[in-house]
Amino acid sequence: MGAVFTGIVEELGEVVALEELGGSARLTVRGPLVTAIAINGVCLTVTGSSDGTFSADVMGETLSRSSLGALGRGSAVNLERPLRLDDRLGGHIVQGHVDATGTIVERRPGERWDVVRISIPARLGRYVVEKGSIAVDGISLTVSALGTGHGVGGAGSPSEPDWIEVSLIPETLARTTLGRKQPGEVVNLEVDMIAKYVERLLGGGSRS
């Protein structure tokens with residue numbers, strides 16, 4: 001296993017540049033604290049750093065599975081360093097391997113928190129459960145509700161959820177990009193890897 005994370009965002013970074021390189025891209029981010037890195041939940045290898053910025057190469061597979069290709073100069077991004085062996089596990093185990101993207105479809109402000117509904121591809125529905133964990137743009141969150149009827153469709157049983165809801169406390173609103181993202185914006189999703197391992201062990205890994 002390579003680097004792992006816990007989904008506890010350490011700081012907001014700012015995109016300096018996204019340089020297209022044929023089927024790949026080079027992303028440059030200003031982030032004085034974090035220099036080896038998950039960016040919006042995507043595990044990347046830092047290839048160079050200077051004056052509070054760092055660069056990372058983004059392969060075509062990553063661009064197609066995540067929202068990184070839509071970033072532009074000035075975009076805010078969530079940054080997290082890899083977990084150390086002696087660290088406390090503040091969130092849940094996050095690999096930085098994005099499964100798919102989802103779209104924010106609704107946002108309901110509350111007195112102390114916001115509830116955000118996110119569409120998910122139906123093929124991911126079997127991996128999410130109420131009160132279970134999911135990483136949204138690299139943020140470890142608890143699924144507070146899930147259901148069907150407001151998602152993006154795709155393969156899977158009609159009974160599998162195609163939306164989830166997460167509740168964002170003031171700390172998450174202040175320290176991450178989800179504090180500012182609005183309906184229609186795309187987010188990266190990584191389901192709990194334990195669910196995928198259990199599925200394979202029970203003989204369901206051949207499903208697509």
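User: How many bridges join strand S2 (residues 24–30) to strand S6 (residues 53–58)?

Analyst: This is a predicted model in which local features need pLDDT of at least 70 and side-chain atom pairs count only at pLDDT 80 or more, while totals for chains, interfaces and linings use all residues. Residues are numbered from 1 along each chain as its sequence is written, and side-chain values use heavy atoms, leaving out hydrogens and water. Strands S2 and S6 run antiparallel, a strand being a DSSP E run of at least two residues, numbered from the N terminus. The count of bridges joining S2 to S6 is 6.

User: Which residue in S6 is the bridge partner of Leu27?

Analyst: Two strands pair if DSSP finds at least two bridges between them, and S2 and S6 are neighbours in the open sheet of 7 strands ordered S4-S3-S7-S1-S2-S6-S5. Within S6, Leu27 is partnered by Ala56.

User: Is Arg107 buried or exposed?

Analyst: Arg107 lies in strand S8, which covers residues 100–109. Its relative accessible area is 15%, and under 20% counts as buried, over 50% as exposed and anything in between as partly exposed, with a 1.4 Å probe and protein chains only. Arg107 is therefore buried.

User: At what distance does the side chain of Arg107 reach the backbone oxygen of Leu178?

Analyst: Arg107 is in contact (heavy atoms within 4.5 Å) with residues including Leu178, Gly179 and Lys181, leaving aside neighbours within four places in sequence. A polar atom of the Arg107 side chain lies 2.5 Å from the backbone oxygen of Lys181. For the backbone oxygen of Leu178, the distance is 2.7 Å.

Methods:
Helices (H or I, at least four residues) and strands (E, at least two) are DSSP runs, numbered from the N terminus. A polar contact is a pair of N or O atoms within 3.5 Å; within protein, one must be able to donate a hydrogen and the other to accept it, and residues adjacent in sequence count only if both atoms are side-chain atoms.
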